[in-house]
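Here is a colleague's note for someone opening this structure for the first time. Please keep the model on screen while reading.

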Amino acid sequence: MTRPLLRARDLTVSFQTDGAPVRAVKRVSFEVAKGEVLAIVGESGSGKTVSSRAMIGLLPRTARIEGSAQIDETELIGLRGEAMRAVRGDRIAMVFQEPSTALDPVRTVGWQIREALQAHRRMTRRQAMARAIELLELVGIPEPAQRIRSYPHQMSGGQKQRVMIAMAIACDPEVIIADEPTTALDVTVQAQILDLLHDLRERLGTAIILITHNMGIVADLADRVAVMFRGELVEQGKAEDVFERPSHPYTQHLLSSVPYLGRERPAAMNTAAPKVENEVVLAVKDLKVYFPGRIGSPAVQAIDGVSLELRRHEILALVGESGSGKTTLGRCAVGLLPPSSGQLTVLGQSLDRIKPDVLRALRKRLGFVFQDPAASLNPRMAVGACIAEPMTVHGEGTSQSRRERVRELLEAVELPAEFASRYPHELSGGQRQRVSLARSLAMGPELLVADEPTSALDVSVQAKVLEVFVRLQHQMGFACLFITHDLAVVDLLADRIAVMKSGQLVELGTRQEVLRHPKEQYTRDLIAAVPLPDPAAQRLRQRQRRGAGLEVATS
Amino acid sequence: MAVVTPPPAPAAAPVTRVARRPGGKWYTKVPGYGLIRTTHGLQRTMLLVGLGLILLFLVAALFADFIAPYDFNQTRYLGVPFGTQQPPSADHWLGTTVGGFDVFSRVVYGARTALAVVVMAVAASIVIGVALGVVSGYLGGWLDRVLVLVTDALYAFPSLLMAIIVSIVVSSGSSSALGGMVSASLAITVIFIPQYFRVVRNATLSAKTEPFVDAARVAGSKPGRIMFRHVLPNVSQTIPVLTTLNASESILTLAALGFLGFGIEPSSAAEWGYDLNKATTSDVANGIWWTGVFPGLAIVLIVAGVTLIGESLNDVLNPLLRTRGGSTTTADEAELVEVVMAEAGDHRAPFERDDAVPPVTAAGDSRAAPGEAP
């Protein structure tokens, strides 16, 4: 391997707090060579972002940094003011997670790229503009000479992230730190951004530190992997080695928890499922939902004529990218949102002009699991009260029998009974989501709508939540509308799959049909864009994808 | 009222360890102890000084009969008049007023009037303002629009003028002890309702879009239950701070009413504002300082006490002004260690740490050590 370009030695970061200082990163050492991609992976809060931000002085004043980080021979720790400014952007650049907040909304993208250029290079306005157009072209934005005058809100999420990358490479930095660069993006856009980063590395020889929690992205892009857990670097090595022979138990657990699109279901997910009956639990016919636009702008069409049926005991997965209308459909199904037109029949009851007390009675038989368990549990209520809430409002049983039922439910989601007296913030994300599941099952619902129930969770806890979910579905037999953007999760548990795009249904079929033999091009693209958590397999797909891309480009 | 038990830690705070031991020293059970525990440095000093000042006035108000040597409207002792405008002496520690009252006794009894009015005014404005705010914010629609319009109009009206008008309407200017106190607190209530209304309404507007409110709706909860069981506890963090700030303002309003002659009769209750008024009209120009300084000092100290509590409460309860502290092991990590260790057999070595792993029993750990609790 060539001489390391950026080297961190015993990097330790602690935060000064009201109480005792908190150590966020403990004696972390890693290095990255020219043209190399180092992926730092770990749970949220494991210190991966903090350690990379510490190197370029982007931490709040309460942080105390010890150890050393060097680029070539320049020591970065302790660098201040003008000296640090000369490094930032010029030698080390950063790409942030959320492109829509990392760009200044009141300036054109051209102005922002020019700003990045003129911060380090003496060039005229005209020169800088010409260079900005070149950069936009380099990151694959069509018609760069026109788009240079666009404001961030006029661009899509993927385009904004491309602009961020253009700003990062503006001064030919030696190292780019990409902090979850695709987490806020859809899979198909994510694939394009990963290709772009791959391409930049090949063409410019930039070293990339990629911070991510997605093992698929690691497999796609990384040469080497550093695994962080609780602020410590527990494992480091070549990507292939880490994937094939993980040595630390945490890495082993992490890799075994990652759902793998196209693989056999693990044994824990493969218990006897109840037989799907013909009785229709949820019938949607030509459903349309509009949201009124602001004054002067047209209404937004969230759902544009969708028809589908969900049968008793069935799990129907609703997949699609953001803005496809899948969440809107789920909210309509439990009466949180009125449809604009079309028919919606839930458990034999039409939701059209339903009376509030009829709807309330109907809700006894419905359950809903929300995306973010931290937000969907009332922070001021104990876990037991949260779970008992549906029974309380419907006046079900005595307080004694409710307590009994809460204990049963906690047991069903594999949590100890004493959790009933704790508050949601004392629980982990995965535990909270299991509490949320327990609450939605309190009344023994016949239909459950789960809206991205695991996308706010780290992969390593997601597996457990899904396992509990599938077991309970098999035991209780509720029909389920499972809304998600993650095809690998869908493969684990769905009976049938409905693919949505821009408010319309693209494809509907059994799991085998849709995932193994997709009929529509959009479905095929979607499947191809999911990065596989296996470097060898992913390299193969990458080559096919980029090969196909080149053909299109040259033809 | 100044002692506020802390609500369960705000959701934003990622501190996962919550001490909840059954035993402990006696002082751990004093309400507000937990709150003081969470403060540090200057903040704690401010809070303690504020609490001390308020405690002083509370004691004066409750035990005025024992502390004050004379009654607040007493002008003679054993048939002998005190004399007017007497300087401080052994008989009259702080001298006597132009009306021949004992200044010390009136200052002590004045604490009773002030605190009674503050408690009544603040309690009434919280109950009305918060309820209106939650209902208006949650339901929205025309009710919300009308209420916002009315409260904004009240804002635009000079508050002291408003207080004077209400006071005249209720008690035609001045009256008995209870009537005077009620009219003064009512006058103050009218000024404060819009403040609580607006703060709570805005917090409700953002809280009602939270998923947990949707979760309650899906569970079939009725609107009233959602508003007062789910939304209200989540918008109430700002109320203690507002309360203390309003308390000091209400003391000043009461004093101003008394000063302007719309307060309480000197014969029915002691009131600092009235005494100040009398002092400025007849005494100050003649070099008689004791009749004005002591009621004035009482007003300054009680307002300072309440304000200090308010400011430090603001620091404590506003998570944005706090840096987090406590455990380094989050509930998520604790759970993972469990799972991973179970998978790897008894393979603890990878998780041994130099800083001993804190007991994470409160942090969502199921291995609650049975022998540990006393």
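This is a predicted model: local features need pLDDT of at least 70, side-chain atom pairs count only at pLDDT 80 or more; totals for chains, interfaces and linings use all residues.

1. Look at chain B, at helix H4 (residues 103–139) and helix H9 (residues 223–235). Their axes come within 10 Å. They cross at roughly 115°. H4(B) is therefore roughly perpendicular to H9(B). The crossing is right-handed.

2. Which residues meet at this crossing? H4(B) brings B:Val130, B:Ala131, B:Val134, B:Val135, B:Tyr138 and B:Leu139. From H9(B) come B:Pro223, B:Ile226, B:Met227, B:Phe228, B:Val231, B:Leu232 and B:Val235. The contact counts 13 nonpolar residues, no polar and no charged ones.

3. Next, the largest nonpolar core. It has 68 residues. B:Tyr196, B:Val231, B:Trp272 and B:Ile302 have the most contacts inside it. Several helices of chain B each supply at least two residues, among them H2 (41–62), H4, H7 (177–207), H9 and H12 (290–317). Which helix gives the most? That is H4(B), with 15 residues.

4. Finally, turn to chain A. A second, separate core has 55 residues. A:Met164, A:Ile165, A:Ala170 and A:Leu254 are included in it.

Conventions
Residues are numbered from 1 along each chain as its sequence is written. Chains are lettered from A and ligands numbered from 1 in the order in which they are written. Side-chain values use heavy atoms; hydrogens and water are left out. Axes are lines fitted to C-alpha atoms, for helices over the stretch in contact, and angles run from 0 to 180 degrees between N-to-C directions. Helices (H or I, at least four residues) and strands (E, at least two) are DSSP runs, numbered from the N terminus. Angles under 35 degrees count as roughly parallel, over 145 as roughly antiparallel, 65 to 115 as roughly perpendicular and the rest as oblique. A crossing is left-handed if the near helix is turned anticlockwise from the far one by less than a right angle, and right-handed if clockwise. Contact means heavy atoms within 4.5 Å. Ala, Val, Leu, Ile, Met, Phe, Trp, Tyr, Cys and Pro count as nonpolar, Asp, Glu, Lys and Arg as charged, and the others, Gly among them, as polar. A nonpolar core is a set of buried Ala, Val, Leu, Ile, Met, Phe, Trp, Tyr and Cys residues joined through side-chain atoms within 4.5 Å. Buried means under 20% relative accessible area, exposed over 50%, partly exposed in between (1.4 Å probe, protein chains only).
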